[in-house]
Amino acid sequence: MLDLCSSMAIFVQAVDKGSFTAAADACGLSATMVGKHVRALEARVGARLLNRTTRQQSLTEVGRIYYQHCRQLLADIAVADGCADALRAAPRGLLKIHAPVTFGSLRLAPALAVYLRRHPEVEVDLTLADRMVDLVEEGYEAAVRIGELADSSLVARPLQPYRMWLCAAPAYLAERGAPSEPAQLAGHDCLGFAYWRHKNRWRFGSGENVAVRGRFTANNGQALRTAALAGLGIVMQPEALLADDVAAGRLLRLLPDHPLPSRPMHLLYPADRRPTPKLASFIDFMLAAFA
């Protein structure tokens, strides 16, 4: 089966050059093959496109209209190819990214300010949500994902592990004391995260599980951070959420010698042997900033 666009291009050449022989020379084909392409188009449209004699050729009425549309279509294809080449030449255009809420708002968004200053022709559309997304189906070019990955056709580049911390406000610890080992958490008010499957049991990297209780549960890490700052209890949330408060002394880190299990974090993007410069530059930036 002959390629339609190729047949259109050869037909246009046959008209522009004035003969099948000249078109064959221009296209690197035989005159017989040029004729085959033109006849395939005539069979497709159900009408003769060219009137040919041994000495001259001319367009039929249908052929003249078809020729004009073929030229326009081929010109549009050339423009599209040119746009694709331009997009591959330098980082530019809209980059659609997905990330979890806490990491995205506290770590990724500030880093993107640096990325955008480096690449002034790139625009970023960042969506933050703690749900799994289908990158291809929903039109995302890259996503940060926390947790174990399912098998997929996506490329997964490892980033730094997503670490959890235990913290509490100085006022709370002054009143209740600081635990010196995980088992002592059972006697404290522990702030619960509603989405954890085992929110009443906190597991440590050593494998130790501690039954905990508390009077405050929320489905949002920022709400739990705020509760901890108010002295309501001990919070277990990502380092990304608590690090600034610890650095400022608003919260104190607890049990640093008993680390909590970290979760893997990856940058995901669809496989492409030639990613666009905007995506390639974003991949390089993320690996440098968070690997």
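## Basis of the model

Residues are numbered from 1 along each chain as its sequence is written, and side-chain values use heavy atoms, with hydrogens and water left out. The model is predicted: local features need pLDDT of at least 70, side-chain atom pairs count only at pLDDT 80 or more, and totals for chains, interfaces and linings use all residues.

## Overall form

The protein has 10 helices and 14 strands. Helices (H or I, at least four residues) and strands (E, at least two) are DSSP runs, numbered from the N terminus. The radius of gyration is 32 Å, well over the 19 Å that the globule rule gives for 291 residues, so the protein is more spread out than a compact globule. That radius is taken over C-alpha atoms, and the globule rule is 2.2 Å times the number of residues to the power 0.38. Along the principal axes, the C-alpha atoms fill a box of roughly 105 × 35 × 30 Å.

Of the 291 residues, 37% count as buried. Buried means under 20% relative accessible area, exposed over 50%, and partly exposed in between (1.4 Å probe, protein chains only). Contact means heavy atoms within 4.5 Å. Among contacts between residues at least 6 apart in sequence, 72% join residues at least 24 apart.

## Surface and charge

The accessible surface comes to about 16,200 Å², and 51% of this belongs to carbon and sulfur atoms. Areas come from the Shrake-Rupley method with a 1.4 Å probe; for residues, only the protein chains shown count as cover.

The protein carries 33 positive and 28 negative charges, and their mean positions are 2 Å apart. Lys and Arg count as positive and Asp and Glu as negative, while His and the chain ends are not counted. Each charge is placed at NZ of Lys, CZ of Arg, CG of Asp or CD of Glu.

Helix H2 spans residues 20-27, and Phe-20, Ala-23 and Ala-24 are its buried residues. They cover an arc of only 105° around the axis, which puts them on the same side of H2. The arc is that of the directions from the helix axis to the C-beta atoms. An α-helix has 3.6 residues a turn, so residues three or four places apart point the same way. Cover for the buried residues of H2 includes helices H1 (4-17) and H3 (31-45), and strands E1 (50-52) and E2 (57-59). Just after H2, Gly-28 has a positive phi of about 70°.

Ser-19 sits in the loop between H1 and H2. Its relative accessible area is 26%, so Ser-19 is partly exposed. Beyond its neighbours within four places in sequence, Ser-19 contacts Ala-14 and Gln-57. Ser-19 and Ala-31 are 12 residues apart in sequence and 8.9 Å apart in space, C-alpha to C-alpha.

## Helix H9

Helix H9 (residues 239-248) buries Ala-240, Leu-241, Leu-242, Ala-243 and Asp-245. These residues pack against helices H5 (101-118) and H8 (221-229), and against strands E7 (164-168) and E12 (235-238).

Leu-255 lies in the loop between strand E13 (252-254) and E14. Leu-255 is not a glycine, yet has a positive phi of about 50°. With a relative accessible area of 8%, Leu-255 is buried.

His-266 belongs to strand E14 (residues 263-269). His-266 is buried, at 16% relative accessible area. Not counting residues up to four places away in sequence, the contacts of His-266 include Ala-143, Val-144, Arg-145 and Leu-149. Ala-156, Arg-157, Pro-158 and Leu-159 also touch His-266.
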